[in-house]
Amino acid sequence: MDEIKKLVEEAVSEINIAKDSTTLNNIRIKYLGKKGLITLLMKKLKDLPQDERPKFGALVNDAKNVVQNRINEKLREISEMEKRQKYEKMAVDVTTPGARRDIGHLHILTQIQKELEDIFISMGFEVVEGPEVEDTWHNFDALNTPDWHPARDVQDSFYFTENILLRTHTSPIQVRTMLQRKPPLAIVSPGRVYRRDYDSTHLPMFTQMEGLFIDKNVTVKHLKFTLEQMVTRIFGKDAKVRLKPSFFPFTEPSYEVDVWFGNTWLEILGAGMVDPNVFKNVGYDPNVWSGFAFGLGLERIAMVKYGIKDIRDFVRNDIKFLENY
Ligand code: FA5
């Protein structure tokens with residue numbers, strides 16, 4: 001009986017440390033196989049006295065059952081563990097950072113344009129657009145720009161015919177809007193314009209935004225206030241505006257407008273009070289109506305704001321440049 005107990009203990013301790021099903025199978029063969037240590041005990045039955053045989057037989061059977069059950073139990077544990085390991089290997093870690101996907105965004109000039117539109121819309125201006133192919137009357141004559149003006153020279157502009165050209169500024173939209181509507185008016189007009197220019201601060205195709213405000217008793221104060229609002233919202237509250245005397249045929253008086261930003265004055269736009277001749281050209285009474293107008297270069301605004309040195313970067317289509325903004 002002691003021998004049975006000892007064999008069972010040995011078998012169980014071997015089963016306990018087994019790590020896989022092959023080892024368990026070997027243990028089963030070692031103890032319960034045809035020539036297994038526990039199976040062989042049965043052969044001792046015949047050496048025992050008749051009356052002890054049933055009890056001994058039962059004990060050996062119990063021992064077989066205990067070992068077999070323990071093996072079965074251990075097999076289940078192992079297969080559970082193997083399953084768990086398999087699933088752990090298959091598992092996806094949802095906290096792992098994903099592969100990066102590049103998402104496009106609006107071009108820096110489009111961003112600046114939208115920013116400016118929002119600023120002027122918040123002040124009650126409306127966005128109005130016009131054609132890029134213009135006639136000389138809207139682009140020059142109606143704007144009080146006579147034949148002899150250098151801007152009309154074929155050296156400065158892109159002509160299709162004698163009277164049709166790519167607009168050289170957004171100011172013809174002033175004329176078109178005044179002809180279509182009655183004052184008072186408050187509009188801004190963004191768009192592409194074209195000139196025979198090309199260097200690090202001038203492009204042959206660039207972007208302007210025109211502003212036009214017409215009402216009774218409009219003064220330079222209204223112009224300056226409006227530009228100050230725009231400039232502080234684009235460049236920050238420390239930005240200042242300075243008007244310098246200048247000349248445009250369609251405004252009187254006319255100004256170059258500088259902005260104080262990054263410790264220096266930088267020129268960003270042209271402006272002035274609408275010339276009475278322009279009002280006459282569109283049928284507005286200059287004794288009743290007054291107004292201011294301005295035209296700013298969007299590339300210049302972006303260059304000042306972000307410290308961009310070469311205007312040609314806007315059209316080089318270099319992702320490395322564009323990604324910065
Ligand atoms: C004009 O175009 C006037 N129409 C502006 C205006 C409107 C004045 C209404 C008064 C009333 P100017 O040629 O200065 O003005 O151009 C205006 C702005 O466009 C300049 O300040 C500059 O920022 C920008 N600009 C001019 N030429 C180029 C160019 N070749 N490339 C990039 N920006 C330019």
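How many residues lie between β6 and β7 in the hairpin they form? The legends below lead up to the answer, strand by strand. Please keep in mind that this is a predicted model.

**View 1. The whole sheet, strand by strand.** Welcome to the open sheet, which has seven strands and mixed pairing. Reading across it, the order is β1-β4-β5-β9-β8-β7-β6. The edges are taken by β1 (126–127) and β6, each with a single partner strand, so one side of each is left without a neighbour in the sheet.

**View 2. The hairpin of β6 and β7.** Here is the answer to the opening question: two residues lie between β6 and β7 in their hairpin. Strand β6 covers residues 240–248, and its pairing with β7 is antiparallel, with eight bridges. To find your place along the pair, look for Pro245, which stands opposite Tyr255 in β7. Another proline to look for is Pro253, which also belongs to strand β7. The peptide bond joining Glu252 to Pro253 is cis, and its omega is about -5°.

View 3. Now follow the chain onward from β7 (residues 251–261) to β8 (residues 264–274). These two strands run antiparallel, and nine bridges join them.

**View 4. From β8 across to β9.** Strand β8 also pairs with β9 (residues 290–297), again in the antiparallel sense, over five bridges.

View 5. Which residues are closest to the ligand? They are His169, Ser171, Arg195, Asp197 and Arg300, out of 24 residues that surround the ligand. Sorted by class, this shell has ten nonpolar, ten polar and four charged residues. Strands from the sheet take part too: β5 (205–215), β8 and β9 each supply at least two residues of the shell. The space that the ligand takes up is the largest pocket.

**View 6. Polar atoms facing the ligand.** Ser171 has a polar side-chain atom 2.9 Å from a nitrogen atom of the ligand. For Leu203, a backbone N or O atom lies 3.0 Å from a nitrogen atom of the ligand. Arg300 places a polar side-chain atom 3.5 Å from an oxygen atom of the ligand. On its own, the ligand has 670 Å² of accessible area, and the protein covers 92% of that.

**View 7. Two loops with a backbone detail to spot.** In the loop between α7 (172–180) and β4 (185–194) you will find Pro184. The peptide bond leading from Pro183 to Pro184 is cis, with omega near 0°. In the loop between α6 (136–139) and β3 (164–166), look for Asn144. Asn144 is not a glycine, yet its phi is positive, near 65°.

Technical notes. Residues are numbered from 1 along each chain as its sequence is written. This is a predicted model: local features need pLDDT of at least 70, side-chain atom pairs count only at pLDDT 80 or more; totals for chains, interfaces and linings use all residues. Side-chain values use heavy atoms; hydrogens and water are left out. Two strands pair if DSSP finds at least two bridges between them. Helices (H or I, at least four residues) and strands (E, at least two) are DSSP runs, numbered from the N terminus. A residue is near a molecule or strand if one of its heavy atoms lies within 4 Å of it. A polar contact is a pair of N or O atoms within 3.5 Å; within protein, one must be able to donate a hydrogen and the other to accept it, and residues adjacent in sequence count only if both atoms are side-chain atoms. Accessible areas come from the Shrake-Rupley method with a 1.4 Å probe; for residues, only the protein chains shown count as cover. On a 1 Å grid over the protein atoms alone, a cavity is a set of points where a 1.4 Å probe fits but cannot get out, and a pocket is an open set with protein on both sides within 12 Å along at least five of seven lines; lining residues have an atom within 4 Å of a point. A molecule sits in a cavity or pocket if more than half of its atoms lie within 2 Å of its grid points. Ala, Val, Leu, Ile, Met, Phe, Trp, Tyr, Cys and Pro count as nonpolar, Asp, Glu, Lys and Arg as charged, and the others, Gly among them, as polar.
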